[in-house]
Amino acid sequence: MAEIRIEHVRKQFGSFVAVEDSSFVVHDGEFLALLGPSGCGKTTTLRMIAGLELPTSGKIYLDGEDVTFNRASARDIAFVFQLFALYPHMSVRKNIAFPLVSQGVPRAETRKRVEETARLLQIDHILDRSVSGLAGGDRQRVALGRSIVRRPKCFLMDEPLGTLDAEFREVMVHELRELHNRIHATTVYVTHDQHEAMAMADKIAVMNHGVIEQFGTPQEIYAKPATIYVADFIGSPPMNIVRFTSGLQRGARTVQLDGVDIAVPEVHEDMPVGELALGVRPEHIRFSDASPLRGRVYGSEYLGTDQVVTVETSSGKVKARVPANRSFNLGETVGLEFNHSKLTLFDCRSGRAVPSSINAEARHV
Ligand code: ATP
């Protein structure tokens, strides 16, 4: 398998910049998700790695070799598309064998590799069935089988589960991750679905308008968002962003919200007076009668094991995830307490997290 290295890659279509100065490494055997909304440059990034699109500038390395100008066919990469065209009149076996037959691999070797691949994907019992009668999940497995059988250096996948219904999608998310655990193929996976990215990837690159806003593990991205955009994109419901105006001094450990001192992780940089935001995940807010930070219950969403309660404060609405058995009335005044060690401060002018003890090691791209 292989390492993929992208150095200062940029792609322009006419005057439109689709990908802006991207640099990252996907280590050998790692699973990277390129995550972001439609049009943010995920597919363009993937197509440049595949060799289907040339970067306007920058370099792409595969296992240390500069492949920036190599044709797709010379890169030994498997590209799994969303709508993978299988040959409906052929059997599963023939579909999987197809790339090897085209390469002229001897019959016995082809048979062995097809059977190995089918066992890996747990479709060895349907090898002689026609693909036309298969259900969506099995078709996806055959499509994957056709990529795996070539033993490429890495896999590139563009929303491969996009056409499946929600239930199947969830099953395939687990299957793809399990498959990855078994074959450890370096993988780059494009998705707009944060749940897919969080469930499968070792690393996530969160993209926005052609820019990688943050590159890190799912845990880093969730707990230490580098920008307001990432904080708002990841999490369901997303991180609360409570805006206020203040200055901050290096070493500060509190901020003032509605005249109340709120403890925060130690700030590592002076911030001139301006608009700041406190980022707090719903599960890091609890109701506390003693807290001077007050708000009125505006609504709630019962989720079985817990509930998400919207509370209106004088700094705006915040959502708190509290135990399902906590009862209250709409309009009731409650006290809110934030788990100070989990808070992120943002500078609203740049949209970036203010360096502090919580995100000292988080990487800004
Ligand atoms: P989606 O999930 O909708 O495909 P994406 O994040 O993968 O979104 P890209 O397909 O990479 O986004 O496209 C990024 C931007 O570049 C879009 O605004 C798109 O319209 C533009 N773009 C992509 N390919 C071309 C092209 N060949 N010519 C002109 N513009 C293009």
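Q: In this predicted model, is proline 272 buried or exposed?
A: Proline 272 is exposed in this predicted model. Its relative accessible area is 52%, and exposed means over 50%.

Q: Which strand holds proline 272?
A: Proline 272 is in strand β14, which covers residues 271-280.

Q: Which residues is proline 272 in contact with, leaving aside its neighbours within four places in sequence?
A: With those neighbours set aside, the contacts of proline 272 are Ser246, Gly247 and Arg349.

Q: Turning to aspartate 306, is that residue buried or exposed?
A: Aspartate 306 counts as buried, because its relative accessibility is 18% and the cut-off for buried is under 20%. Aspartate 306 belongs to strand β17, residues 306-313.

Q: What does the side chain of aspartate 306 make a polar contact with?
A: The partner is the side chain of arginine 321, at 3.4 Å. Beyond four places in sequence, aspartate 306 is in contact with Arg321 and also with Glu301, Val322, Pro323 and Ala324.

Q: A change of topic: which residues does a cis peptide bond join?
A: The cis bond joins serine 236 and proline 237, with omega about 0°. Proline 237 is found in the loop between α8 (228-233) and β11 (240-248).

Q: What is the phi of aspartate 258?
A: Aspartate 258 has a positive phi of about 55°, although it is not a glycine. Most residues other than glycine have a negative phi.

Q: Where does aspartate 258 lie?
A: Aspartate 258 lies in the loop between β12 (254-257) and β13 (260-263). At 35% relative accessibility, this residue counts as partly exposed.

Technical notes
Residues are numbered from 1 along each chain as its sequence is written. This is a predicted model: local features need pLDDT of at least 70, side-chain atom pairs count only at pLDDT 80 or more; totals for chains, interfaces and linings use all residues. Side-chain values use heavy atoms; hydrogens and water are left out. Helices (H or I, at least four residues) and strands (E, at least two) are DSSP runs, numbered from the N terminus. Buried means under 20% relative accessible area, exposed over 50%, partly exposed in between (1.4 Å probe, protein chains only). Contact means heavy atoms within 4.5 Å. A polar contact is a pair of N or O atoms within 3.5 Å; within protein, one must be able to donate a hydrogen and the other to accept it, and residues adjacent in sequence count only if both atoms are side-chain atoms.
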